[in-house]
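Reader: I would like to go through this model with you, one question at a time. Please keep each answer tied to what can be computed from the atoms.

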2 protein chains.
Amino acid sequence: MNHYKYEELEIGHKESFEVEITEEMLDSFRKITGDMNPLHRDDEFARSKGMDAHAAFGMLTASFLSTLAGVYLPGESSLIHNTEIKFMKPVFVGDRLTISGEVAEKNDAYNTIRLKVGMRNQSGAKVLRGSMQIGIV
Amino acid sequence: MNHYKYEELEIGHKESFEVEITEEMLDSFRKITGDMNPLHRDDEFARSKGMDAHAAFGMLTASFLSTLAGVYLPGESSLIHNTEIKFMKPVFVGDRLTISGEVAEKNDAYNTIRLKVGMRNQSGAKVLRGSMQIGIV
């Protein structure tokens, strides 16, 4: 776990990590949230909606932004204030995602940073992009 | 699970549901994401950051937006395009949240709706607010 202080972070600082999306993640997310939508469990239903197979929940993919902030950038002293997320392409079980963040702004008055965030799959396609405002507490 | 079609939804249509945040949810979310940040497991650390106890992950709370869209509004035919989320107050284990969404815009050209979303705790305090753009597929 990283322990960056506000003063240590410069505009352009980048961190990234990789995760593989598993069926167990989808099962756990479904159990937490109660989101029983068939798009995320039924291949036939998902195909009727134009997908290749059942897709990961968008908000499950987005959940790795928690890890990006809380473990990598800034790490321990992180407190997420707000986030904007765009889902660009569906994510499937077996996909390997690279989750990355880059310090895009610093606000000295509030000790907050804004991260530009993105996620790419194993083919290099961008599946998510967005930003997060994070307090370094 | 609801099955609203685009034509059936009018501006101002509201749906809501309640969830209680449990320690098991935090454990499962930590296991999925690998976010080991002590703010979400260590009361003493959380108090050193000005919180009453270890807090729920913001992105865990946000995950219930998946349920709001995928089960309630519009339900089965939901595909989230993007979302903006502001975390207003911390959420703790034992909190009972009311998650609500209201159709704020409709875009006939794309069959998309924009939901204004909010979450309140058992004391009526707003803990999250935001919006979601959702395709009805």
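**Strands, sheet and interface**

Author: In E3(B), B:Leu97 is the bridge partner of B:Val19, where strands (E, at least two residues) and helices (H or I, at least four residues) are DSSP runs numbered from the N terminus. This is a predicted model, in which local features need pLDDT of at least 70, side-chain atom pairs count only at pLDDT 80 or more, and totals for chains, interfaces and linings use all residues. Residues are numbered from 1 along each chain as its sequence is written, chains are lettered from A and ligands numbered from 1 in the order in which they are written, and side-chain values use heavy atoms, with hydrogens and water left out.

Reader: How many bridges join E1(B) to strand E3 of chain B?

Author: Two strands pair if DSSP finds at least two bridges between them. E1(B) and strand E3 (residues 96–107) of chain B run antiparallel, and the number of bridges joining them is seven.

Reader: In what order do the ten strands of the open sheet follow one another, and which are the edge strands?

Author: The pairing in this sheet is antiparallel, and the order is E1(A)-E3(A)-E4(A)-E5(A)-E2(A)-E2(B)-E5(B)-E4(B)-E3(B)-E1(B). Each edge strand pairs on one side only, and these strands are E1 (14–20) of chain A and E1 (14–20) of chain B.

Reader: How many bridges join strand E2 of chain A to E2(B), and which residue stands opposite A:Asn82?

Author: Strand E2 (residues 78–87) of chain A and E2(B) run antiparallel, with five bridges joining them. Within E2(B), the residue that stands opposite A:Asn82 is B:Lys86.

Reader: What area is buried between chain B and chain A?

Author: The contact (heavy atoms within 4.5 Å) takes 39 residues from chain B and 39 residues from chain A. Buried area is the accessible area (1.4 Å probe) that two parts lose on being put together, summed over both. Carbon and sulfur atoms give 65% of the area buried between chain B and chain A, which is about 3100 Å².

Reader: Which element gives the most to the side of chain B that touches chain A?

Author: The elements of chain B that give two or more residues to the side touching chain A are helix H1 (23–33), helix H3 (58–72) and strand E2 (78–87). With ten residues, the element that gives the most to that side is E2(B).

Reader: What kind of peptide bond joins A:Leu73 and A:Pro74, and what is the phi of A:Asn111?

Author: Most residues other than glycine have a negative phi, and most peptide bonds are trans. A:Pro74 lies in the loop between H3 and E2 of chain A, and the bond joining A:Leu73 to A:Pro74, with omega about 10°, is cis. A:Asn111, in the loop between E3 and E4 of chain A, is not a glycine, yet its phi is positive, at about 55°.
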